[in-house]
Amino acid sequence: AMVHWTGENSSVILILTKYYHADMGKVLESSLWRSSDFGTSYTKLTLQPGVTTVIDNFYICPTNKRKVILVSSSLSDRDQSLFLSVDEGATFQKQPIPFFVDTLIFHPKEEDKVLAYTKESKLYVSSDLGKKWTLLQERVTKDHVFWAVSGVDADPDFVHMEAQDLGGGFQYITCPIHNCSEKLLAAPFAGPIDHGSLTVQDDYIFFKVTSANRTKYYVSYRRNEFVLMKLPKYALPKDLQIISTDESQVFVAVQEWYQMDTYNLYQSDPRGVRYALVLQDVRSSRQAEESVLIDILEVRGVKGVFLANQKIDGKVMTLITYNKGRDWDYLRPPSMDMNGKPTNCKPPDCHLHLHLRWADNPYVSGTVHTKDTAPGLIMGAGNLGSQLV
């Protein structure tokens, strides 16, 4: 189920439930429930009387939470529609669309602008909350489409994307949404880039280029020209992942040639070009579809606080920094448990360790939670002892 509550003095809660038929391998039925009294009572919304509509997903506008877009399919999967609401789901308007949505991406600042990435790798744009759509670009890489960053990109209607050219290679291209024709399409970097490597975040743009078995990592600061990222001489990266780009500084995790399930953490100068080592051996895990999870977590609501799980000789221990990686400490264990009994956990032999990005233990529900709206509050699951178990 997907649950949404706006917060901000709203009493409305939306819950999407799905009935998945395992043998048929598809969702046969889904229901959208709406409460307007903080969840005391719910009513099931009927989008189209007499028609079974399967709601695939819903999306909430980040700048105006009253605006909601549902993506729904007919049971035969032959066509898709959007249902648009501007009153937190009290009423919906149906909007047929000529494509199949994979994901919708709301503009971070302008409430009626939305990008739709389709199952055929095409990118469409709407400026009226999904009523009218225009094709922007084809052969676009999934999850590598980015709206203009406010305060950095001059034009808020600008889109950054990675797309395949006719020759089969991938390129970083940009264009304004109202005219993405060949003449206004720009390629800020001339050559081909590696598939799935474009990242646009805050002041920075990153990608990598592999040729003749050598990978080079590029960065652009505040949309200036692309330059090579300079890691220390001894670093020979097999892989590099961007961890954070807050406050004019880049954190990257680098897997060195000799590392199997750990990464080293490096921190940059303001331009994101020169890097220095701040923490070794942060553990990592290969997820499905070749993506990598690195066990480091940025604490929301307080700048410069990170938690990381370090793995040395097979032992995993949790560390925290309050000054963006200059100093790292173990977590201080509580002296009492919830029943007021002493924990008898005394450093240096015993500390508190937390499951950060994923739980090793099947009985642990959830990982660490932090929120922008609750600075300083961290909730997590873990254990006391000499290591995370």
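This is a predicted model: local features need pLDDT of at least 70, side-chain atom pairs count only at pLDDT 80 or more; totals for chains, interfaces and linings use all residues.

**Entry 1: the whole chain**

I began with burial: 46% of the 389 residues of the protein chain count as buried, where buried means under 20% relative accessible area, exposed over 50% and partly exposed in between, with a 1.4 Å probe and protein chains only. Residues are numbered from 1 along each chain as its sequence is written, and side-chain values use heavy atoms, with hydrogens and water left out.

Next I looked up the overall dimensions. Along the principal axes, the C-alpha atoms of the protein chain fill a box of roughly 65 × 60 × 45 Å.

I then asked for the secondary structure and got zero helices and 30 strands. Helices (H or I, at least four residues) and strands (E, at least two) are DSSP runs, numbered from the N terminus.

The protein chain is divided into domain 1 (1–96) and domain 2 (132–228), with bounds that come from an automatic or database domain assignment. Taken over C-alpha atoms, the centres of domain 1 and domain 2 are separated by 33 Å.

**Entry 2**

I followed the pairing from β2 onwards, counting two strands as paired if DSSP finds at least two bridges between them. Strand β2 (residues 13–21) pairs with strand β3 (residues 26–35) in the antiparallel sense over nine bridges. Here L14 has R34 in β3 as its bridge partner. The two strands, β2 and β3, form a hairpin with four residues between them, and G25 in the turn has a positive phi of about 70°.

On to β3 again: this strand also pairs with strand β4 (residues 43–44), antiparallel, over two bridges.

What joins strand β5 (residues 53–60) to β6? I found seven bridges, and the two strands run antiparallel. I60 stands opposite V68 in β6. On its other pairing, β6 is joined to strand β7 (residues 80–85) by six bridges, again antiparallel, and S73 has Q80 in β7 as its bridge partner. I also checked how covered strand β6 (residues 68–74) is: six of its seven residues are buried.

**Entry 2: an open sheet**

Further along, four strands form an open sheet in the order β16-β17-β18-β19, with antiparallel pairing. Why is one side of β16 and of β19 (227–228) left without a neighbour in the sheet? Both stand at the edges, each with a single partner strand, so there is no neighbour on that side. β16 pairs with β17 in the antiparallel sense over three bridges, and V200 stands opposite I205 in β17.

My terms here: on a 1 Å grid over the protein atoms alone, a cavity is a set of points where a 1.4 Å probe fits but cannot get out, a pocket is an open set with protein on both sides within 12 Å along at least five of seven lines, and lining residues have an atom within 4 Å of a point. Grid points are joined across faces, edges and corners, and a volume is the space filled by probe spheres set on the points.

The structure holds one cavity of 30 Å³ or more. The largest cavity has a volume of about 30 Å³ and is lined by H4, T6, V12, L14, K65, V68 and E88. I was pleased to meet L14 and V68 again in that lining.

The largest pocket holds about 1,100 Å³ of space. Its lining has 31 residues, of which H144, G196, Q241, S291 and V292 lie nearest the centre of the pocket. β20 gives the most to this lining, with five residues.

The second largest pocket has a volume of about 460 Å³. Of its 15 lining residues, R214, T215, M229, A235 and P237 are the closest to its centre. β18 provides the largest share of this lining, four residues.
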